[in-house]
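Visitor: I would like to learn how to read the features of a protein model. Please show me the structure and take the topics in turn.

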Amino acid sequence: MNLKPATLSQIDEVITHYPTKRSATLPLLHLIQEEVGFISNEAIEWVAAKLGLQPINVYEVVTFYPMFRQKPIGRRHIKVCRTLSCALLGGYKTCATFEQEFHTHAGEVSPDGEVTVEFVECLASCGTAPVVMIDDELHEKVDAAKAKQLSDQIKAEAQARK
Amino acid sequence: MPAPAQRRIIFQHIDEPGYTNDLACYVKHGGYEIMKKAFQRPPAELVDEVKKSGLRGRGGAGFPCGVKWGLLDKKSGKPIYLVVNADESEPGTFKDRYIMHQDPHQLIEGIMITCFANNVKQAYIYIRGEFPHGARILEKAIAEARAANFCGPNVLGSSYGCEIYVHRGAGAYICGEETGLIESLEGKRPYPRIKPPYFPAVLGLYQCPTIVNNVETLCHVKHIAAMGGAEFAKIGTPNNTGTRILCVSGHVQKPGYYEFEVGKITMGELLNDVCGGPLPGRKFKAVIPGGSSAKVLKFGERFKGKRKVGAEMVDYDWAVEDVPMDFDCLGMIGTMGGSGGVIVMDDSVNMVEALANINAFYAHESCGQCTPCREGSLWMKKISSRMVHGAARPEDGQLLKSVADQIAGRTICAFGEACAWPTQSYVAKFGDEFKGYADAKKTAKPGGVTDLI
């Protein structure tokens with residue numbers, strides 16, 4: 001694992017928060033995923049060695065929690081809430097709009113590698129449904145029109161990078 | 001009669017222009033003064049105040065907070081932990097989000113008073129993974145509070161020290177269950193623990209005595225310390241004291257969060273007067289009163305029985321609109337106040353599709369530890385999805401019910417009930433829609449109908 005020194009020092013610091021090292025499993029996985037983008041087998045073994053665990057102890061955590069992923073995703077991560085309050089106000093249409101805009105299906109990386117659209121369970125902002133998280137940012141009341149607008153914005157940013 | 005006015009105690013500063021989430025702003029508004037006074041009192045007195053207040057947990061179960069604290073094993077000689085349940089994962093619930101994002105120091109002050117009262121020297125805030133900004137805001141707020149000696153070593157110059165750390169979850173609903181949360185905090189899969197023997201108050205985090213309280217509950221502790229338990233108990237209604245935040249979502253004109261004295265507002269006042277009623281041209285059909293696992297209420301049904309008011313038993317005969325929004329009244333009519341998440345559905349919704357949506361959620365979130373829940377939630381999802389996307393049969397409602405009936409009561413944690421109650425209540429109350437779904441599907445849907453599954 002080639003982690004940045006800043007990440008390594010955050011890792012060493014967070015381990016001190018707990019009386020047992022094993023408790024730092026989730027924080028370490030978050031820190032690694034934030035830097036690398038996903039959790040590789042190498043990362044699982046690295047975390048296990050760092051915390052004095054068997055790789056299976058880390059592997060079973062990675063495979064249980066929906067936010068940890070074992071494959072890279074698109075440059076941007078679009079998470080659309082699927083659960084009832086959002087669905088009642090058009091969450092399925094919101095998700096379909098993102099899928100169309102980026103020629104992709106939920107759970108897959110778009111052909112241009114720009115986005116991964118994901119249909120996720122409740123994001124706890126039901127009063128402003130339908131809601132979408134793009135990377136770390138929450139977007140509220142995202143109907144199909146606003147989904148189109150957000151897609152255009154992402155596309156423009158991608159274009160500007162080229 | 002117009003609806004009673006909101007009484008904002010916890011949400012006093014939420015959405016207030018100019019109110020920021022930093023320490024300076026909080027202190028300017030009198031922040032940490034209550035904690036300073038509380039630290040002058042014997043800890044046992046603070047526990048008594050919370051017992052006297054009658055405060056019931058705001059996370060879902062409504063268990064009296066003071067009783068929970070009273071169960072703590074203080075003789076074990078092991079450290080005592082406080083775990084703040086900030087997982088806010090029950091669909092329909094979105095209150096703790098605003099406390100943590102806009103007023104994090106209110107939570108920290110509540111935490112510190114709770115820790116001092118219970119001799120806790122280490123607290124963890126378990127925040128759901130989907131709140132990355134919330135986690136950063138809390139970390140910054142803790143650092144500010146620590147620098148000002150409101151937490152950390154030698155709090156307020158005393159010999160008492162207490163650290164608070166933020167621990168992020170990673171998208172699993174079951175982490176809202178307190179023993180699942182503890183397992184997660186120990187770095188494992190969040191498989192709930194069996195009770196007995198693993199009551200957190202005795203064998204919690206690292207097998208030490210542990211208090212697990214919801215964010216809103218801990219904020220109330222601050223206000224109980226300020227006004228005293230007896231005074232707090234005068235707010236709300238007997239056995240349902242204080243205020244609580246009701247989160248309304250779905251088919252109403254003005255969804256959002258509203259704080260009322262518990263039991264002082266009825267469902268009808270909340271939905272019609274406060275939330276502006278149904279959407280134009282629509283009628284209310286059903287409402288889930290306390291998060292998606294609570295049993296659904298059908299507009300038009302009536303609830304009759306006897307209940308205690310003061311010392312007397314009186315008859316009640318309520319429509320859904322007449323039901324006071326408190327733990328006991330909602331419990332009496334066969335559902336629950338739960339986490340305060342009110343989800344409203346109007347007459348555009350087909351209840352088979354609504355149930356299919358909820359069943360997909362529970363099938364996704366079952367931890368898989370207990371066979372009835374893992375298999376049952378999956379089959380309920382498969383059956384209800386097949387009804388919508390494949391061939392629906394008149395007997396499917398009964399089939400769903402037979403699966404649900406074999407889950408509740410047969411699992412380690414309350415997820416079994418949480419995933420069975422929607423199916424049981426939808427089929428019981430909207431049985432005709434399940435019987436007639438095949439025919440309903442043949443009638444072409446008008447354009448623009450909202451897919452739920």
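Guide: The talk below goes from the whole chain to its strands, charged pairs, chain contact and backbone.

Guide: This is a predicted model, in which local features need pLDDT of at least 70, side-chain atom pairs count only at pLDDT 80 or more, and totals for chains, interfaces and linings use all residues. Residues are numbered from 1 along each chain as its sequence is written, chains are lettered from A and ligands numbered from 1 in the order in which they are written, and side-chain values use heavy atoms, with hydrogens and water left out.

Visitor: How many helices and strands are there in chain B?

Guide: Helices (H or I, at least four residues) and strands (E, at least two) are DSSP runs, numbered from the N terminus. Chain B has 19 helices and 13 strands. Its radius of gyration, taken over C-alpha atoms, is 22 Å, close to the 22 Å of the globule rule (2.2 Å times the number of residues to the power 0.38) for 453 residues, so chain B is as compact as a globular protein of that length. Along the principal axes, the C-alpha atoms of chain B fill a box of roughly 75 × 50 × 45 Å.

Visitor: What share of the residues of chain B count as buried?

Guide: Buried means under 20% relative accessible area, exposed over 50%, and partly exposed in between, with a 1.4 Å probe and protein chains only. In chain B, 60% of the 453 residues count as buried.

Visitor: Which residues cover the faces of strand E4 of chain B?

Guide: In a regular strand the side chains alternate between the two faces of the sheet. On one side of E4(B) are B:Thr210, B:Val212 and B:Asn214, on the other B:Ile211 and B:Asn213, and all are buried. Five of the five residues of this strand (residues 210-214) are buried, so E4 of chain B is largely enclosed by the rest of the structure. Two strands pair if DSSP finds at least two bridges between them. Strand E1 (residues 81-86) of chain B runs parallel to E4(B), and five bridges join them. B:Leu82 stands opposite B:Ile211 in E4(B).

Visitor: Are B:Glu109 and B:Lys222 buried or exposed?

Guide: Both B:Glu109 and B:Lys222 are buried. They form a salt bridge, with the closest N and O atoms 3.6 Å apart. B:Glu109 is in helix H6 (residues 104-118) and B:Lys222 in helix H10 (residues 215-227) of chain B, 113 residues apart.

Visitor: What is the area buried between chain A and chain B?

Guide: The size of an interface is often given as the accessible area lost when the parts come together. Buried area is summed over both parts and uses a 1.4 Å probe. Between chain A and chain B it is about 4,000 Å², of which carbon and sulfur atoms give 60%. A:Phe64, A:Leu84 and A:Leu88 supply 17% of the area that chain A buries against chain B, more than any other three residues. Contact means heavy atoms within 4.5 Å, and it takes in 41 residues from chain A and 59 residues from chain B. Two salt bridges are counted between the chains; one of them joins B:Arg168 and A:Glu34 at 3.1 Å, N to O.

Visitor: Which peptide bond of chain A is cis, with omega near -10 degrees?

Guide: Most residues other than glycine have a negative phi, and most peptide bonds are trans. The bond from A:Ala129 to A:Pro130 is cis. A:Pro130 sits in the loop between strand E2 (115-120) and strand E3 (132-134) of chain A. In chain B, a cis peptide bond joins B:Pro196 and B:Pro197, with omega about 10 degrees.

Visitor: Where is B:Asn119 found?

Guide: B:Asn119 is in the loop between H6 and strand E2 (122-127) of chain B. Its phi is near 55 degrees, a positive value in a residue other than glycine. B:Asn119 is partly exposed, with a relative accessible area of 44%.

Terms used. Salt bridge = Lys/Arg side-chain N within 4 Å of Asp/Glu carboxyl O. Buried area = accessible area lost by both parts, 1.4 Å probe.
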